[in-house]
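Me: I've got a structure open and want to go through some local geometry. Can you take my questions as they come?

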Amino acid sequence: MSRFQMIATLFLLAAMMLGGSNAQLSATFYAKTCPNVSSIVRSVLQQAQGNDIWIFPKIVRLHFHDCFVNGCDASLLLNGTNSEKTAPPNLSTDGYAVIDDIKTALEKACPRVVSCADILALAAQLSVSLGGGPTWQVPLGRRDSRTAHREGIGGIPSQHDSLANLAARFKSVGLDSTDLVALSGVHTFGRAQCAAFMDRLYNFNNVSGSVDTTLNATYATTLKQQCPKGGDVTSLIDLDEQSSLNFDNKYFLNLQNRRGLLQSDQELFSTNGAETVAIVNRFASSQSQFFGSFAKAMIKMGNISPLTGSNGEVRLDCRKIN
């Protein structure tokens with residue numbers, strides 16, 4: 001090896017050690033710089049849950065909506081006239097103040113170390129775990145975007161999407177059918193506004209008075225009472241009528257019984273010939289299989305186009321760039 005080659009190799013190794021732009025995420029990323037990061041996030045979440053029993057699903061939704069727009073870079077958290085959070089379908093997202101509280105606690109313990117993107121990923125994992133769901137080692141080392149990506153919000157899956165459109169959206173970011181069904185299972189906890197599904201009750205497929213035939217008739221009657229025509233479309237309804245505060249596999253049993261609240265959920269089971277039907281059946285019969293697949297899917301989703309190394313920044317305030 002020539003002297004020039006040796007010097008070039010040394011520079012390359014040094015760049016890798018410092019975490020260049022191609023640095024990989026790692027569960028031990030903060031082992032030395034902020035060893036208590038998980039316990040700090042957990043503590044803030046537990047305190048927040050005392051004030052808002054729905055905070056866990058809200059936090060998971062933030063991570064999901066962030067990752068589907070230009071990758072997991074905390075761009076959703078930015079304020080501004082061109083922000084993502086002020087555009088549909090993010091108008092109903094919530095939990096930003098809790099992310100701020102987590103950031104404040106981490107800045108006190110480990111100044112200028114933990115990114116907002118990693119806070120979202122960690123907070124989502126802990127929210128699922130604290131809600132009774134699986135736990136997993138979260139790969140860390142993301143950095144924060146310096147810009148919002150409002151133009152990319154069209155990539156967020158919609159509750160009105162057909163199964164084909166849903167699958168295409170997931171495939172475009174490297175997620176397969178098992179990931180799609182597993183991640184949809186997050187709707188085992190949380191709530192949705194009447195506006196998200198009222199068309200299934202009164203105006204399905206733009207036919208006045210028609211009801212979605214994939215919706216259980218008794219369930220449809222109940223939902224009409226909760227979301228009357230001309231009523232408050234922002235009223236919140238449990239996504240899982242059985243156990244909407246708990247992370248379990250009852251969501252899939254609901255789909256089998258045609259009691260999926262959102263059209264995009266019921267599509268997973270009621271689309272004839274779809275490969276997702278067998279996956280729904282598998283998760284309905286085995287909570288452990290659902291939990292395992294959900295954890296793997298969350299890790300894959302968290303790996304969508306992260307900023308690492310010298311790209312992006314570690315924001316001091318999650319709502320604005322440094």
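Me: Which residues is G260 in contact with, leaving aside its neighbours within four places in sequence?
Reply: This is a predicted model, and in it G260 is in contact with R200, L215, Y219, N254, L255 and Q266.

Me: Where is G260 found?
Reply: G260 sits in the loop between α10 (250-256) and α11 (263-270). Its C-alpha is separated by 13 Å from that of T271, 11 residues apart along the chain.

Me: Is G260 buried or exposed?
Reply: Buried. The relative accessible area of G260 is 4%, and the cut-off for buried is under 20%.

Me: And α11, how many of its residues are buried?
Reply: Six of the eight, so α11 is largely enclosed by the rest of the structure. The buried ones are Q263, S264, D265, Q266, E267 and L268.

Me: What covers the buried residues of α11?
Reply: The cover includes α6 (163-172), α7 (177-184), α8 (199-202), α10 and α12 (276-285).

Me: Changing topic. At what angle do α2 and α3 pack?
Reply: About 125°, with the axes of α2 (residues 37-51) and α3 (residues 55-67) 9 Å apart. That makes α2 oblique to α3.

Me: Which residues make that contact?
Reply: L45, A48 and Q49 on the α2 side, and I55, F56 and I59 on the α3 side. By class, the contact of α2 with α3 has five nonpolar residues, one polar and no charged.

Me: What about α3 and α4, how do their axes cross?
Reply: At roughly 85°, and the axes come within 9 Å. The two helices, α3 and α4, are therefore roughly perpendicular to each other.

Me: Which residues are in that one?
Reply: From α3, I55, I59 and L62; from α4, Y96, V98 and I99. The residues of the contact of α3 with α4 are six nonpolar, no polar and no charged. I55 and I59 of α3 also take part in the contact with α2.

Me: Back to α2. What is its end-to-end reach?
Reply: Helix α2 has 15 residues and reaches 22 Å from its first C-alpha to its last, close to the 21 Å expected at 1.5 Å a residue.

Me: Which residues of α2 are buried?
Reply: V37, I40, V41, V44, L45 and A48. Seen down the axis of α2, the buried residues fall within an arc of 130°, so they line one face of the helix. On the other side of α2, Q47 and G50 are exposed.

Me: What do the buried residues of α2 pack against?
Reply: Against α3, α4 (96-109) and α5 (116-130).

Me: Do the same for α4. What span should it have, and what does it have?
Reply: The 14 residues of α4 should span 20 Å at 1.5 Å a residue, and the end C-alpha atoms of α4 are 20 Å apart, which agrees.

Me: Which residues of α4 are buried, and what covers them?
Reply: Buried in α4 are Y96, V98, I99, I102, K103, L106 and E107. What covers them includes α2, α3 and α5.

Me: Is I119 itself buried or exposed?
Reply: I119 counts as buried, at 0% relative accessibility.

Me: What is the phi of N70?
Reply: Near 65°, a positive value, and N70 is a residue other than glycine. N70 also lies in the loop between α3 and α4. At 48% relative accessibility, N70 counts as partly exposed.

Me: And where is N205 found?
Reply: In the loop between α8 and α9 (217-226). N205 has a positive phi of about 55° although it is not a glycine. N205 is exposed, with a relative accessible area of 59%.

How values were computed: Residues are numbered from 1 along each chain as its sequence is written. This is a predicted model: local features need pLDDT of at least 70, side-chain atom pairs count only at pLDDT 80 or more; totals for chains, interfaces and linings use all residues. Side-chain values use heavy atoms; hydrogens and water are left out. Axes are lines fitted to C-alpha atoms, for helices over the stretch in contact, and angles run from 0 to 180 degrees between N-to-C directions. Helices (H or I, at least four residues) and strands (E, at least two) are DSSP runs, numbered from the N terminus. Angles under 35 degrees count as roughly parallel, over 145 as roughly antiparallel, 65 to 115 as roughly perpendicular and the rest as oblique. Contact means heavy atoms within 4.5 Å. Ala, Val, Leu, Ile, Met, Phe, Trp, Tyr, Cys and Pro count as nonpolar, Asp, Glu, Lys and Arg as charged, and the others, Gly among them, as polar. The expected span of a helix is 1.5 Å times one less than its number of residues. Buried means under 20% relative accessible area, exposed over 50%, partly exposed in between (1.4 Å probe, protein chains only). The arc is that of the directions from the helix axis to the C-beta atoms.
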